[in-house]
Amino acid sequence: MQQDIFTPTRVTAQVGGKEIILETGRLANQAHGAVWVQCGGTVVLVTVCSQPLEFDKGFFPLTVEYSEKMYAAGRIPGSFFRREIGRPSERETLVSRLIDRPIRPLFPKGLNEDVQVLANVISADQENESDVLALTGASAALMLSRLPFAGPVAGGRVGRVNGQFVLNPSFEQQAQSDINLIFAASGDALTMVEGDARFVAEDVIIDALEWGRQQIQPLVAAQLKLRELAGKEKMAFTPHDEDPVLVARVRELALAAGLEDALRVPDKLPRKEARKAVKEKVAENLRNDPAWADNDAALKNVGDILTDLEKKLVRARIVNEGTRIDGRDTKSVRPIQIQTGLLPRAHGSALFRRGETKSLVVTTLGSTTDEQRMDSLTGDVTKRFMLHYNFPPYCVGEVKPVRVSRREIGHGALAEKSLRPVLPAPEDFPFTLRVVAETMESNGSSSMAAVCGGSLSLMDAGVPVSAPVAGVAMGLIKEGEKYIVLTDILGDEDALGDMDFKIAGTADGVTGVQMDIKVTGLTTEIMRAAMRQAHEARQHILGEMARAIAEPRKELSRFAPQHAEVFVNPDIIRLIIGPGGKNIKAITAATGASVDIEDSGRVSIFAPTAEALEKAREMVSYYDQRPDLGKNYMAKVRKIMEIGVIVEVLPNVEALVHVSQLDVKRVEQPGDVAHLGEDMLVKVIEINGDRIRASRKAVLLEEQGHPWNPEETARPPRSDRGPRDRHDRGDRGGRDRRPPRGDR
């Protein structure tokens, strides 16, 4: 009997003053786990499906995809096909990573299942964020499924408005908040953190995360209740245990082959070769050992056994001796080298090296037309600052397809949010900014090298940042109740350790954080120790950066766009643009400049050279000229009337040439002197606000040697004038009174 779709299994939780609904049984009932998560008018449907692997892939094939359906916000996609197809947006990729990172460690090692988690935003109310709901929904769906999963975890966001923490703040509250921390937590510890802040102290970050962890506990309890009501029976799973005899034999052979010495080689590539030599020697000895020679299954596991042994040896040395792989103590930062202005034609560049990690970071300035424009649930979004992080295969000596990975997008987003708070406001520095971090060599903390190099390259480009920003990655070795925090971790220490905690900021506070945990969770005590140690490291790195470049350069590169602003009368914007954009296109074609016009009359000009800038400025200003009193202009006759003619003395500037000012002699009909469309040399004789009077008569008198006398052409005040004559009728707005016939 089918379940009634109107009576799904539902649980609710009150979190941050809002009700969050978790229900199952309404949609996607053929999935192995499906949860509808709702807060206000925002709904996310999260599904889980799995199938057995046909062969061991050597890794756990978990796929997480988050997507935002435009119909959720009553919008039609802006793509050519008008549907959500193709590559995920940057936001969708980043949220997919937010979901993946906390749930992946909760699957048991050796699970022989291909797992797919899909999170679809199907309703968006423009108030409640969908990303943290999707994270909670993924955990809930996995709890309902038959897959072994060491959950639940719940997601949340912490903001701080007017000094008060806010859980899952609305979009409006986020704009007012000085912190934006997304986190995942279990019943007793944090498992993932991602966020940014505006120069906030480390203690505030820790207090915010601990407060948020406590606030979302009802969501953890709700998942357990939903599992009790509607969960499937968990599949049988037996963890794979290595043969203890084989493990002991591999250990004996590896130590005899010099594994401990290989793990003390300080440089990455020589250490890799030394470890490889040990592995080959162990494998050769096993193949020559009659007890193992014909056991192919056992020989296939030698690599995993050696990896576990290496992990134990390195961790034991750190715990017992306080000595790391490269010989450093637990708090030292690797040697730093910096070179700015490396690329001759780039607008700004910096080469940042920390140990064996090296990043070439380049800054490019552009106009507002270079802003990135994106389609989203909240409408069209523009970005004036972009940071793109690249991790080409050569930086680790590998051969792989060259494509942008989720990891690169995630690391770029972290570096971008870490640098964004120090950027100048658009009204002070109206350029679009793009920073590209090319990882040249990598041995850990390359994303933080992108932060340091990005800050240096911005200053080298002359961008007036408020302060330099540095970042450092912290690690953790936890054995029982004992733990050791590691500063500036290597790639191997990331792989062998329990935490990757990246912290970026200025001398005054934190601007970006990202944390992933491989153990069951992170306590507040460990996080405080990591933050304190990271603060010391950051101050050291900032000092090294200041030795290379202490402040932004005073001038932009001569290759950077030249910028100027012109303020024009809003009424003439249409003239600058021209019919079909004709005039503005002509300016761009003649100068190579980009011209951005705002409705207020503010015109921003970005040109490739100073000469092009000046020419573009003149061409724009041409349409917004004001005449000077007493100056002669070659005007165009635009209209002929009984009282005189209307001439265009400048673009969009018209003046009246009264019939009395058309000639030195009396003119009966203006059409006898002026012809429509012809040029007429006139002198501006009066400016009264927008009303302008001009005179051809004054020009003719000057040609005859009679200088213009303003008093002769200026009209006296109304109270000083006598009876109106026929030449005053244009000022009455009506028909004049003709003089008596005898006076004609």
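Predicted model: local features only at pLDDT ≥ 70, side-chain atom pairs only at ≥ 80, totals over all residues.

Colleague: How many residues does each side bring to the contact between domain 1 and domain 3?

Modeller: Domain 1 contributes 43 residues and domain 3 contributes 38 residues.

Colleague: What area do domain 1 and domain 3 bury between them, and which three residues of domain 1 supply more of its share than any other three?

Modeller: The two domains bury about 3,400 Å² between them, with 55% of that on carbon and sulfur atoms. On the side of domain 1, F199, E202 and I206 account for 21% of the area buried against domain 3, more than any other three residues.

Colleague: Next, the polar side of this interface. How many salt bridges and how many residue pairs in polar contact are found across it?

Modeller: There are 8 salt bridges across the interface of domain 1 and domain 3, and 18 residue pairs in polar contact. A salt bridge also joins E90 to K383, whose closest N and O atoms are 3.6 Å apart.

Colleague: Which element gives the most to the side of domain 1 that touches domain 3?

Modeller: That is β10, with 11 residues. At least two residues each come from β5 (62-68), α1 (90-103), β10 (190-200) and α4 (202-215). By class, this side of domain 1 has 22 nonpolar, 7 polar and 14 charged residues.

Colleague: Let us turn to single residues. Is E233 buried or exposed?

Modeller: Exposure is judged by relative accessible area, and exposed means over 50%. E233 is therefore exposed, because its relative accessible area is 71%. E233 lies in the loop between α5 (217-230) and α6 (244-256). Leaving aside neighbours within four places in sequence, E233 is in contact with R146 and R227.

Colleague: And why is H347 classed as buried?

Modeller: Buried means under 20% relative accessible area, and H347 is classed so because its value is 12%. H347 is found in the loop between β11 (336-340) and β12 (348-354). Its side chain reaches the backbone nitrogen of L365 at 2.9 Å and the backbone oxygen of F559 at 3.0 Å. Beyond residues up to four places away in sequence, H347 touches several others, including T363, D460, S557 and P561.

Technical notes. Residues numbered from 1 in each chain as written. Heavy atoms only, no water. Contact = heavy atoms within 4.5 Å. Buried area = accessible area lost by both parts, 1.4 Å probe. Salt bridge = Lys/Arg side-chain N within 4 Å of Asp/Glu carboxyl O. Polar contact = N/O pair within 3.5 Å; in protein donor to acceptor, adjacent residues only side chain to side chain. Helix = DSSP H or I, 4+ residues; strand = E, 2+ residues; numbered from the N terminus. Nonpolar A, V, L, I, M, F, W, Y, C, P; charged D, E, K, R; others polar. Buried < 20%, exposed > 50% of the residue type's maximum accessible area, 1.4 Å probe, protein only.
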